[in-house]
Amino acid sequence: MENMTEKFAEFCEQLKYEDLSPEVIKRTKLLILDTVGIIIRARHDAESTSSLVSAIDKLEMSNGSCQVFSDKKTYSPSAAALLNGTLAHSLDFDDTHAEASLHSSAPILSAALAAAQMNKSSGQELITACVVGYEVQIRLGLAGGSSAHYKKGFHPSATCGIFGAAAAAGYLMGLNKEQYISAFGIALSQSAGSMQFLTDGAWTKRSHVGQAAQNGLSCAIMAGEGFKGPSQAFEGQWGYLHSYASGGDVNKATTGLGEEFETLNLGVKPYPSCRYSHAAIDGLIELKKELKFSSDDLDDIDIGLSETALNIIGYPLTDKQHPKSVVDGQFSMPFCAAVTVKSGGLQWDDYKNHLNNEDTLSLCNKIKVSPDEDAEKCCPEYMSAKVKVVVKGEKYEKFVKIPKGEPENFMEDVEFISKFKGLTEPYLSKQRVDQLTDLMLKIDQANNVNSIFEYSQIDI
């Protein structure tokens, strides 16, 4: 794709809030609300948070001009982007794009929030910056192809995320076309994220997107100050599409850019686990309602998945049947299915309740995974699954093509608010939660986004 970097840069420079449809604006506001709720809960509950905050303190990156949600300290812009971004992904509860197989708001909103605080940006400017970032990240993911990218060991939320973060931050910094080209070129040398965390439940998947936000912000600032990056970050001989990716459709990078918004194709998670597990969770919930079975009634469970899903949440099966940490559980189809059978769903607090529960872990051993033709046909457009159960000797199955939260099966406003309240109410009073919810849903009316941080401070 010739001139892909230049076309992305032109889009980023030229997009205006007035160009966004009411649907895109509303969707972006809901995505921001959803992400802020996750950040607030993760600031207090994610087991990786204390070590990250301690490291930031040791690096003397505290006492700056930027804030982090539900944190009374201030941080340097770089540290705020890192911390908000990591927290946004620490529960694995954040938005996803099915076909590109990546998370968007965690790296992009976090970089944009830091830049917005630096520049005292309005809510409308923040919304536009996020859309700029979403479009760049998602379209790059579509152009590169997710399945082949995963097979190389890359985490696309991060490898593509730094470019989206640079785009969003650059918008609020007022970068021009040439500066954007440099920002993308600088980001090329920092695009990173390894899937090795899957082998032992490490926390690096969380920090991947935080570092993408942090580094994307830095790339935008460097370019804005005149630092030169290579001019063909994406299509060049050693650019992203040749060095990192293979198997995607490069035409999806720029076709309809600025007219058709991939932002509207972002899905939101009703469950805090890998998105590839959600169709199966939906299927099990439906079967439980229909058959009213308990775990004792089950003779067998087999979850049919696509090859991409199997390699992330299904294999090696023995390891997936014996999760030892939250990360293990989030990326274990057997564990997510077992909790759903026992609890009727999956919530964040289920990890502490079930990871050491002998009955749940015993049920994990009953749950198998297998390749499924129907799920494979739907991949990568949809993260589908087929649930096959044997209850008291009788066989039943349920195929879920589109999991709850995808654009064609989207959550209602009231479901967003319910999720936000469920995440925040353990740490904020009902009055504070209501105030913050109202403010976030009207963020397009805010003259300065800094005000939203005041309402996220712990008060109970």
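This is a predicted model: local features need pLDDT of at least 70, side-chain atom pairs count only at pLDDT 80 or more; totals for chains, interfaces and linings use all residues.
Reader: How much space lies in the largest cavity, and which residues are closest to its centre?

Author: The largest cavity holds about 150 Å³ of space. It is lined by 18 residues, and those closest to its centre are Ser 101, His 103, Tyr 150, Cys 274 and Tyr 276. Sorted by class, that lining has 9 nonpolar, 5 polar and 4 charged residues.

Reader: And the second largest cavity, what lines that one?

Author: The second largest cavity has about 50 Å³ of space, and its lining is made up of His 89, Ser 90, Asp 92, Phe 197, Ala 202, Lys 205, Arg 206, Val 327, Gln 330 and Phe 331. Two or more of the lining residues come from each of helix H4 (77-90), helix H11 (204-224) and helix H16 (326-330). By class, the lining of the second largest cavity divides into 4 nonpolar, 3 polar and 3 charged residues.

Reader: Switching to open space, what is the volume of the largest pocket, and which residues lie nearest its centre?

Author: The volume of the largest pocket is about 470 Å³. Of the 24 residues in its lining, Leu 198, Thr 199, Tyr 315, Pro 316 and Lys 320 lie nearest the centre. The elements giving two or more residues to this lining are helix H7 (146-151), helix H14 (307-314), helix H15 (317-320) and H16, and by class the lining has 10 nonpolar, 8 polar and 6 charged residues.

Reader: You mention H14; what do its buried residues pack against?

Author: The buried residues of H14 pack against H7, strand E5 (298-305), H15, H17 and strand E6 (367-371). Those buried residues are Thr 308, Ala 309, Leu 310, Ile 312, Ile 313 and Gly 314. Because 6 of the 8 residues of H14 are buried, this helix is largely enclosed by the rest of the structure.

Reader: Why is H17 described as largely enclosed?

Author: Helix H17 (residues 333-343) has 9 of its 11 residues buried, so the rest of the structure largely encloses it. The buried residues of H17 run through Met 333, Pro 334, Phe 335, Cys 336, Ala 337, Ala 338, Val 339, Thr 340 and Val 341.

Reader: What caps the N-terminal end of H17, and what follows the helix?

Author: Ser 332 is the cap at the N-terminal end of H17, with a side-chain oxygen 3.0 Å from the backbone nitrogen of Phe 335. After H17 comes Gly 344, which has a positive phi, near 85°.

Reader: Is that Ser 332 buried or exposed, and where does it lie?

Author: Ser 332 lies in the loop between H16 and H17, and it counts as buried because its relative accessibility is 1%, where buried means under 20%. Leaving aside residues up to four places away in sequence, Ser 332 touches Ile 313 and Lys 320.

Reader: Last topic, the largest nonpolar core: which members touch the most others?

Author: The largest nonpolar core has 156 residues, and Leu 126, Phe 163, Phe 184 and Tyr 240 touch the most other members. Helix H6 (residues 123-144) gives the largest share of this core, 12 residues.

Reader: What does Leu 126 touch?

Author: Not counting residues up to four places away in sequence, Leu 126 touches Ile 32, Leu 109, Ala 112, Leu 113, Ala 116, Leu 172, Ile 443 and Val 449.

Key: Residues are numbered from 1 along each chain as its sequence is written. Side-chain values use heavy atoms; hydrogens and water are left out. On a 1 Å grid over the protein atoms alone, a cavity is a set of points where a 1.4 Å probe fits but cannot get out, and a pocket is an open set with protein on both sides within 12 Å along at least five of seven lines; lining residues have an atom within 4 Å of a point. Grid points are joined across faces, edges and corners, and a volume is the space filled by probe spheres set on the points. Ala, Val, Leu, Ile, Met, Phe, Trp, Tyr, Cys and Pro count as nonpolar, Asp, Glu, Lys and Arg as charged, and the others, Gly among them, as polar. Helices (H or I, at least four residues) and strands (E, at least two) are DSSP runs, numbered from the N terminus. A nonpolar core is a set of buried Ala, Val, Leu, Ile, Met, Phe, Trp, Tyr and Cys residues joined through side-chain atoms within 4.5 Å. Buried means under 20% relative accessible area, exposed over 50%, partly exposed in between (1.4 Å probe, protein chains only). Contact means heavy atoms within 4.5 Å. A polar contact is a pair of N or O atoms within 3.5 Å; within protein, one must be able to donate a hydrogen and the other to accept it, and residues adjacent in sequence count only if both atoms are side-chain atoms.
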